[in-house]
Amino acid sequence: MKYMLMFAGSEEYFARFRAFPEEAQKAAVARVDQWSRENMDAGRLLEGHRLQPTSTATTVRLQHGQDGTPNGKALVTDGPFIDAKERIGGYVIIDVPDLDAAIAMAKSWPAGGTVEIRPLADL
Amino acid sequence: MQEAVIEAMEHWPRDGVPERPDAWLAAVARRKALDRIRRDVNYREKLAAIEAQPVAGYVEADDRLRLMFVCCHPALSREVQVALTLRAVVGLTTAEIARALLSSEAAIAQRIVRAKHKIVQAGIPFRLPDESELVERLDHLLAVIYLLFNEGYLTTGGPEPARRDLADDAEWLAALLTRLLPTEPEPLGLLALIRLHLARSAARFDADGNLVLFEDQDRSLWDREAIAAAIKLLERASSFGRPGSYQVQAAITALYAEAPSWPETDWTQALLLYELLVSLDGSPVARLNRAIALERVAGADEALDAVDALRDELAGYHLFHATRGRLLEQLGRTDEAADAYRAALPLTSNPAERALLERRLSTRAPRTRSAAGPAVKGRSSKSRSRRARST
């Protein structure tokens with residue numbers, strides 16, 4: 001089954017990372033690289049990215065007509081679409097046998113924080 | 001794989017006949033027969049007779065255990081785990097579950113439907129946990145069983161203060177688990193704990209249905225044979241040399257049960273066991289219950305300090321205020337004690353607990369230390385766990 005793992009953290013989580021000395025930041029990035037390589041080689045990791053901070057986010061809110069379909073108008077605003085305590089810092093798409101395997105992968109994520117697991121559905 | 005679980009969950013309680021000849025569905029059918037019998041008059045005897053039959057082979061046992069692990073998967077909410085376990089493992093119908101959990105049939109049905117969707121769509125597997133995750137996953141099973149027991153033993157809703165049906169279901173599940181996982185000590189610890197509580201059933205309520213605190217119970221009404229048997233179970237559990245929270249709770253309950261009288265309890269030993277419990281399960285409720293023994297060993301002043309330190313975490317828990325009330329009473333601070341009892345009242349919905357608090361409020365008088373017992377008492381260890389595990 002395919003799942004998306006969304007890696008999130010609180011403001012403090014990201015601040016703590018930024019406050020790391022350069023060496024420690026490099027080491028943390030190296031651990032994530034290694035995790036990605038290992039899971040890629042094992043065929044579990046299909047793709048993934050780190051995301052730029054939410055300060056770079058833009059939200060496009062489509063407007064809907066009477067029938068519920070978009071009416072061509074949209075509201076474009078600065079910032080992420082939800083004001084959550086935790087922000088998404090990256091994601092990966094994985095292919096594993098079941099939820100337990102996905103949970104095991106999430107638990108092995110070397111950067112800490114919070115991981116949300118969502119099964120993928122067909123578009 | 002997931003679909004097989006859903007299919008079974010779906011069909012057997014309704015049809016009573018397994019659709020497929022798999023061994024585990026046969027197990028379910030046997031359980032169904034058991035379920036009919038258990039509603040009969042001689043429930044306990046017949047239950048014991050059927051339980052004494054050996055589990056019909058490795059595959060059946062294995063699959064039933066797998067089913068329990070699916071129902072209690074951590075990706076499902078605790079209330080869903082409870083409903084699914086009652087449905088798929090105990091074999092109750094939706095209507096019976098609704099009655100047992102004091103909910104509506106529609107709400108339970110919806111809860112189960114949502115759970116099935118999640119099992120299929122999120123890919124919750126029908127398999128036994130790896131050895132590395134067994135203890136953690138087992139904890140969910142034990143928590144669900146103990147929650148069912150507590151709900152039956154001292155219900156949080158409805159007019160009845162206790163419902164033996166649910167408590168007996170929990171005992172059955174705990175016993176089943178000890179047979180399915182014979183090399184794990186915590187199921188034995190839980191079963192011993194449940195049986196130690198059940199052994200005191202006859203003394204827990206007086207003729208008028210009032211809750212009687214552990215310290216005030218008529219010990220001649222206790223089932224000594226059952227207590228001795230439960231302690232044997234606990235000894236078997238401790239022979240594994242892997243202490244856990246349920247074993248320690250059972251040990252504390254056994255300590256109380258074995259004492260000739262409440263004041264003659266070995267309080268130093270009790271305090272040691274509570275310390276061990278706090279180290280295994282650092283929940284604030286475990287620390288609250290430690291105050292029971294601390295009061296006996298070090299005095300009410302020190303116990304009150306320990307309890308007051310938990311205010312931030314436990315202000316919404318009725319036994320926090322009830323415990324403070326008892327300690328304040330012993331220190332002669334009766335007005336403050338009354339305030340504490342008043343704070344406890346709106347926080348519990350159990351009729352017997354409410355009545356007890358009201359009695360304390362109406363009869364409160366300054367007590368001398370020698371006449372007064374310590375704080376929460378008796379069923380404290382179970383309440384501890386209920387709260388500790390439900391968070």
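User: H12(B) passes H13(B) in a crossing: is it left-handed or right-handed?

Analyst: This is a predicted model, in which local features need pLDDT of at least 70, side-chain atom pairs count only at pLDDT 80 or more, and totals for chains, interfaces and linings use all residues. Residues are numbered from 1 along each chain as its sequence is written, while chains are lettered from A and ligands numbered from 1 in the order in which they are written. A crossing is left-handed if the near helix is turned anticlockwise from the far one by less than a right angle, and right-handed if clockwise. The crossing of H12(B) and H13(B) is left-handed.

User: How far apart are the axes of H12(B) and H13(B)?

Analyst: Helices (H or I, at least four residues) and strands (E, at least two) are DSSP runs, numbered from the N terminus. Axes are lines fitted to C-alpha atoms, for helices over the stretch in contact, and angles run from 0 to 180 degrees between N-to-C directions. H12(B) covers residues 224-238 and H13(B) residues 245-258. They pack at an angle of about 145 degrees, and the distance between their axes is 10 Å.

User: What distance separates the C-alpha atoms of Leu193(B) and Ala250(B)?

Analyst: Leu193(B) sits in helix H10 (residues 185-198) of chain B and is buried, because 31 other C-beta atoms lie within 10 Å. Setting aside neighbours within four places in sequence, its contacts are Tyr246(B), Gln249(B), Ala250(B) and Thr253(B). Leu193(B) and Ala250(B) are 57 residues apart along the chain, and their C-alpha atoms are separated by 4.3 Å.

User: Is H14(B) roughly parallel or roughly antiparallel to H15(B)?

Analyst: Helix H14 (residues 267-280) and helix H15 (residues 284-298) of chain B pack at an angle of about 160 degrees, with their axes 9 Å apart. Angles under 35 degrees count as roughly parallel, over 145 as roughly antiparallel, 65 to 115 as roughly perpendicular and the rest as oblique. H14(B) and H15(B) are therefore roughly antiparallel.

User: Which residue follows H5(B) with a positive phi?

Analyst: Helix H5 (residues 78-90) of chain B is mostly covered, with ten of its 13 residues buried. Among the buried ones are Leu84(B), Leu86(B) and Arg87(B). The residue after H5(B), with a positive phi near 85 degrees, is Gly91(B).

User: Which strands of chain A stand at the edges of the open sheet?

Analyst: The sheet has four strands in the order S2-S5-S1-S6 (chain A), with antiparallel pairing; two strands pair if DSSP finds at least two bridges between them. An edge strand here has a single partner strand, so one side of it is left without a neighbour in the sheet. The edge strands are S2 (45-50) and S6 (114-119) of chain A.

User: In the hairpin of S3(A) and S4(A), which turn residue has a positive phi?

Analyst: Strands S3 (residues 58-64) and S4 (residues 70-78) of chain A pair in the antiparallel sense over six bridges. Five residues lie between S3(A) and S4(A) in the hairpin. The turn residue with a positive phi, about 90 degrees, is Gly68(A).

Key. A residue is buried if 20 or more other C-beta atoms lie within 10 Å of its own, exposed if 12 or fewer, and partly exposed in between; C-beta atoms are placed from the backbone. Two residues are in contact if their C-beta atoms, placed from the backbone, lie within 7 Å.
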